[in-house]
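Open the model in your viewer and keep the selection tool at hand. We will go from stop to stop, picking out one piece at a time.

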Amino acid sequence: MNLRKLALTASLGAFMLSAIASTSAVAATAKEQFFPVLVTRTGPIAPNATPWANGFIDYLKLVNTKGGINGVKTVFEECETGYATDRIVECYERLKGMHGGATAFQPLSTGGTFALTEKAPIDKIPLITAGYGRSESQNGAVFTWNFPLLGTYWVGSDVAIQYIAKKLGGVANLKGKKIALVYHDSPYGKEAIPVLEELSKKYGYSVQLLPVAAPGVEQKATWLQIRQNRPDFVLLSGWGVMNLTALREAQATGYPRDKMLGNWWSGAEPDVADVGEGAKGYSALTLQHGAERNSKVVKDILAALYAKGQGTGPKEDVGSVLYMRGVLSAMLGVEGVRKAQERYGKGKVMTGEQVRWGLENLDLDQKTLDAMGFAGVMRPVQTSCLDHMGSSWVRVHTWNGKNWEFPSQDWYQADANTLRPMVMLASGKYAEEKKLKPRTPEECNK
Amino acid sequence: MLYRENGQFKTSYAADQQVFPIAQDRWAVVGIVVFAFVAVPLLVDEYMFRAILIPFLILSLAALGVNILVGYCGQITLGAGAFMAVGAYAAYNFHIRVEGMPLLLSLLLGGFTSALVGIVFGIPSLRVRGLYLAVATLAAQFFTDWVFLRIPWFTDNSLSGNVSVSNLQVMGWQLNNPLNKYLFCLAFLTVFALLAKNMTRSAIGRQWMAIRDMDVAAEVIGIRPLFAKLSAFAVSSFFVGTAGALWAFVHLASWEPAAFSVDRSFQLLFMVIIGGLGSVMGSFFGAAFIVILPIVLNRLLPEIGDLVGVEISTAGISHAELIIFGGLIIFFLIKEPHGLARLWSTGKEKLRLWPFPH
């Protein structure tokens, strides 16, 4: 290597560094509400996270075709995280200041949620974790900036037990039953455990915990244990390729699929499609919605975007389970902005702090939801300072070999009497550790 | 021309044995340190601090630790991530379980605990070598993964296994903004780098290098392999453990064992191989290459795409990032198997002879 080459390398390096500096300084543009989108389009999680991201972005585009949020257009920026916490943090730092400031972050990762929970209060950006994240963050008095809207894993666990009790013909029959939990060995998977153990004391069933190391392609030992112990039910908390592997192993082990119940991240098309008939009878909780190809919002998206070739992903995915979750997640963020505008000025761009107020005072009744095209997709949601979740309705859908369908129209609601004390206890512990003072009702109303 | 040592006469042993015997080197290093402490805080924005500089500093420190073991003592390790985890969790437990524990002490105790664990996992190095040792250290990785996932005491019985720290401060100096965090990590790195540089020049460093070059010969001339190898493991684990504690406390603030997975171990090993085995400078080059390059590629590709009028999808960028990154690793290893540090010293040689190449 001679001097010329060395100089060339050095100048190339300098050019690259200047590129970082230049791209991180993006000027604020007027009248645009910026939604950062953390996506996982590569790696073992990609089949599941991609439809979510496409749904999320399609909904933001749909809002723009309808004139934006009271005239304020949405803009978005993607950042690939690969489901790695350090990349999520990098993306967060990269996106938080773009286009005049981020509206709200939705990391789609429980590990990422934990990391961002420490950062969001400093930057004053709300964190929406629809159907994931930390369960105790439901208590908005302590977790001012977290919004686990529509449900947490604790809600999921409680409903799972309700569902099993119903199948068995009453809670009395739970006594002496063996329930195994096959979970992703990470904060995400572990979130389900406390409620299952709490309820086992109440109902007298036993819980067997079977962790699966990420990413979850190696489950032979787990299913050998299931073959030996023959639990009455198997609950699955998997994500991405782990779900598919679990169902394949269940098929190989001969464990009845109709005794298996997944959480709402283990019940989408990518989880079962490759197993097809082999997964028939497998059920999963839903975050209210299932695959909603006939809903009005999906038809709107198809007409407004895909008919004109402006769709984000493949057309077949539109209306699938995780696509709908992306749509719902984006909708909740948009509605938070809309609510904030009611207070801080219609047609203005909202800051993260203002959106936080909007999310805390979200009140979507059935009429509003129907008008937006969410009839039959979800039920009303109303948040408050003490309840950042806003709704705890769950349905259960079953794979029939080709599609996810709702065998019954039953809605389950998590038992607040069980969960509320646990939420208060865990959030109290967090507040104590962080030396935080929970907000008083007066502070909440500010 | 500028870089020439003619006329610099050493008149005392102290002058001859100083860290940087060539005046230009000395001034360059001082200049870089002053630049990092004074100019960088004035020049860069929050994103650069949080997403690039802080991770770079901390992983440089870890790479330095790995380089001591792999580069100087010749003991291949795949357990660096494990020692980072030990450092992080030990520091965490000292920090929350002992009332009023100063942050600095927690971090150093984290490093110290990691050093003890390092000695334990270094024992196999007395019997096995090379790839077999790499496998033995890999056991450390799986062992710590298991410990921190399964034993709730280490994570303060946290329900999800995730732990976090906040309100960090050193004697009233709040570590709450990126600038302070950057300066804190930089101070750590400066002290540790100086320590490493001096250690490698002293008796102990020479023992390590003798063991690396040929352990039987080293033993014959009176170097105790037990002491040399285990001290390398201890010092290396101390560096890596402190880096782990910084990574957890200062960079992440909230973490889970997955932050120190086997991927991290590989990453650190690649850093020292690409940067240059047996070179303090190389640790920095390697860390820069592995930490900064993927992010630069990730941000640069869309710009290049815009330039030629092609919109690259997010997934496309991510894939291209891996392809280019992998390609560059292979390119550098073929072109310069001794790492980026060798390129640096070749460059310096040329500068010395300039303008008359030999």
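This is a predicted model: local features need pLDDT of at least 70, side-chain atom pairs count only at pLDDT 80 or more; totals for chains, interfaces and linings use all residues.

Residues are numbered from 1 along each chain as its sequence is written, and chains are lettered from A and ligands numbered from 1 in the order in which they are written.

Now step back along the helix itself, residues 225–252 of chain B. Helices here are DSSP runs of H or I with at least four residues, strands are runs of E with at least two, and both are numbered from the N terminus. The 28 residues of H10(B) should span 40 Å at 1.5 Å a residue, and the 38 Å between its end C-alpha atoms agrees with this; the expected span is 1.5 Å times one less than the number of residues. Because 24 of its 28 residues are buried, H10(B) is largely enclosed by the rest of the structure. Buried means 20 or more other C-beta atoms within 10 Å of a residue's own, exposed means 12 or fewer, and partly exposed lies in between, with C-beta atoms placed from the backbone.

Next, select helix H2 of chain B, residues 23–43. Is H2(B) enclosed or in the open? The number of buried residues among its 21 is zero, so H2(B) lies largely in the open. Look for its kink of about 40°, centred on B:Phe35.

Then show both chains. Their contact takes 32 residues from chain B and 35 from chain A, where contact means C-beta atoms, placed from the backbone, within 7 Å. On the chain B side, helices H3 (46–72), H12 (280–307), H13 (314–335) and H14 (340–353) give two or more residues each.

Finish in chain A with two loops. A:His99, between helix H3 (85–95) and H4, has a positive phi near 50° although it is not glycine. This residue is buried, with 20 other C-beta atoms within 10 Å. A:Leu150 sits between strand S4 (146–147) and helix H5 (153–168); its phi is also positive, near 75°, and 27 C-beta neighbours inside 10 Å make A:Leu150 buried.

Definitions and conventions: The bend at a residue is the angle between axes fitted to the seven residues ending there and the seven starting there. Two residues are in contact if their C-beta atoms, placed from the backbone, lie within 7 Å.
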